[in-house]
Amino acid sequence: MICMTDFDKTDARMLLALCENPRATGVDLASGLGLSRNTVQARMNRWEAEAALHPVDHRIPPRNLGRPLLAFVTARVDQHQLSDVTDHLREIAEVIEVFGLAGQTDLLIRVVAVDTDDLYRIAGLILDVPGVERTNMGIAMRELIAYRTTPLVSEIAERRR
């Protein structure tokens, strides 16, 4: 889903406050940021209506669900079957994210597994998807920079205008 919300300075300040305290209420945000409760509530309602924020499940580390192994699979697919391939990949629970790419490979598939034997099983499931022609895999050894947007939000919050 593509979100059309552009966050302004006030949105950014609210988001940074939520990053610091994810359980803050609208009243907490209004009080802490010197905003009216109506302003805070209206913006939060807009974010929800426009699906401007990721769902809560993005905050759940797969390792806490018994899947500590992270791997990235690149796949070449028959372009005529791309939609069907995507539908099949969606049915594999361990496939947690898929990106369409431009270049020598067509898909970047983020998968999680219990261990290497489980990863081998998952790789087989991906290769069995009709339309997948070839895959390559890299196992993540360590996360060096976690997914983050706070530096970008901070830039917006610090704008002069």
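Q: Which residues touch the most other members in the largest nonpolar core?
A: In this predicted model, the largest nonpolar core has 18 residues, and Val85, Leu89, Val95, Leu107, Ile109, Val111 and Ile126 touch the most other members.

Q: And which elements give two or more residues to this core?
A: Strand 1 (69-77), helix 4, strand 3 (107-113) and helix 5 each give two or more residues. Strand 1 gives the most, with five residues.

Q: Where does another core lie, and how many residues has it?
A: Another core, of 16 residues, lies apart from the largest one. Met14, Ala30, Leu35 and Ala52 are among the residues of that other core.

Q: Back to Val95. What is Val95 in contact with, leaving aside its neighbours within four places in sequence?
A: Val95 is in contact with Leu89, Ile109, Arg110, Val111 and Ile126, once those neighbours are left aside.

Q: What about Leu119: where is it found, and is it buried or exposed?
A: Leu119 is found in helix 5, which covers residues 116-127. Leu119 counts as buried because its relative accessible area is 5%, under the 20% limit for that class.

Q: Which residues does Leu119 touch, not counting residues up to four places away in sequence?
A: Leu119 touches Leu69, Ala71, Val111, Ala113, Met137 and Ile139.

Q: How many residues apart in sequence are Leu119 and Ala71, and how many Å apart in space?
A: Leu119 and Ala71 are 48 residues apart in sequence, while their C-alpha atoms are 8.1 Å apart in space.

Q: Changing topic: what lines the second largest pocket?
A: The lining consists of Thr86, Leu89, Arg90, Ile92, Val95, Ile96, Glu97, Val98, Phe99, Gly100 and Leu107. Helix 4 (82-90) and strand 2 (95-100) are the elements that give two or more residues to this lining. Strand 2 gives the most, with six residues.

Q: How many of the lining residues are nonpolar, polar and charged?
A: The lining of the second largest pocket divides into seven nonpolar, two polar and two charged residues.

Q: How many Å³ of space lies in the second largest pocket?
A: The second largest pocket holds about 190 Å³ of space.

Q: On to the rings. How many aromatic pairs does the count come to?
A: The count comes to one aromatic pair. Phe7 and Trp47 form this pair, which is edge-to-face, with 5.9 Å from centre to centre and 90° between the planes.

Q: Which parts does the pair tie together?
A: Phe7 lies in the segment before helix 1 (9-20) and Trp47 lies in helix 3 (residues 37-49), so the pair ties together parts that are 40 residues apart in sequence.

Q: Are Phe7 and Trp47 buried or exposed?
A: Phe7 counts as partly exposed because its relative accessibility is 24%. Trp47 counts as buried, at 4% relative accessibility.

Q: What else does Asp11 touch, not counting residues up to four places away in sequence?
A: Asp11 touches Trp47, and also Asp6, Arg43 and Arg46. Asp11 lies in helix 1 and, at 0% relative accessibility, counts as buried.

Q: Last topic: what is phi of Ala51, and where is Ala51 found?
A: Phi of Ala51 is near 50°, a positive value in a residue other than glycine. Ala51 is found in the loop between helix 3 and strand 1.

Q: Why does Ala51 count as partly exposed?
A: Ala51 counts as partly exposed because its relative accessibility is 33%, which falls between the 20% limit for buried and the 50% limit for exposed.

Note on methods: Residues are numbered from 1 along each chain as its sequence is written. This is a predicted model: local features need pLDDT of at least 70, side-chain atom pairs count only at pLDDT 80 or more; totals for chains, interfaces and linings use all residues. Side-chain values use heavy atoms; hydrogens and water are left out. On a 1 Å grid over the protein atoms alone, a cavity is a set of points where a 1.4 Å probe fits but cannot get out, and a pocket is an open set with protein on both sides within 12 Å along at least five of seven lines; lining residues have an atom within 4 Å of a point. Grid points are joined across faces, edges and corners, and a volume is the space filled by probe spheres set on the points. Helices (H or I, at least four residues) and strands (E, at least two) are DSSP runs, numbered from the N terminus. Ala, Val, Leu, Ile, Met, Phe, Trp, Tyr, Cys and Pro count as nonpolar, Asp, Glu, Lys and Arg as charged, and the others, Gly among them, as polar. Buried means under 20% relative accessible area, exposed over 50%, partly exposed in between (1.4 Å probe, protein chains only). Contact means heavy atoms within 4.5 Å. Rings of Phe, Tyr and Trp (its six-membered ring) pair if their centres lie within 6.5 Å; planes under 30 degrees apart count as stacked, over 60 as edge-to-face and the rest as tilted. A nonpolar core is a set of buried Ala, Val, Leu, Ile, Met, Phe, Trp, Tyr and Cys residues joined through side-chain atoms within 4.5 Å.
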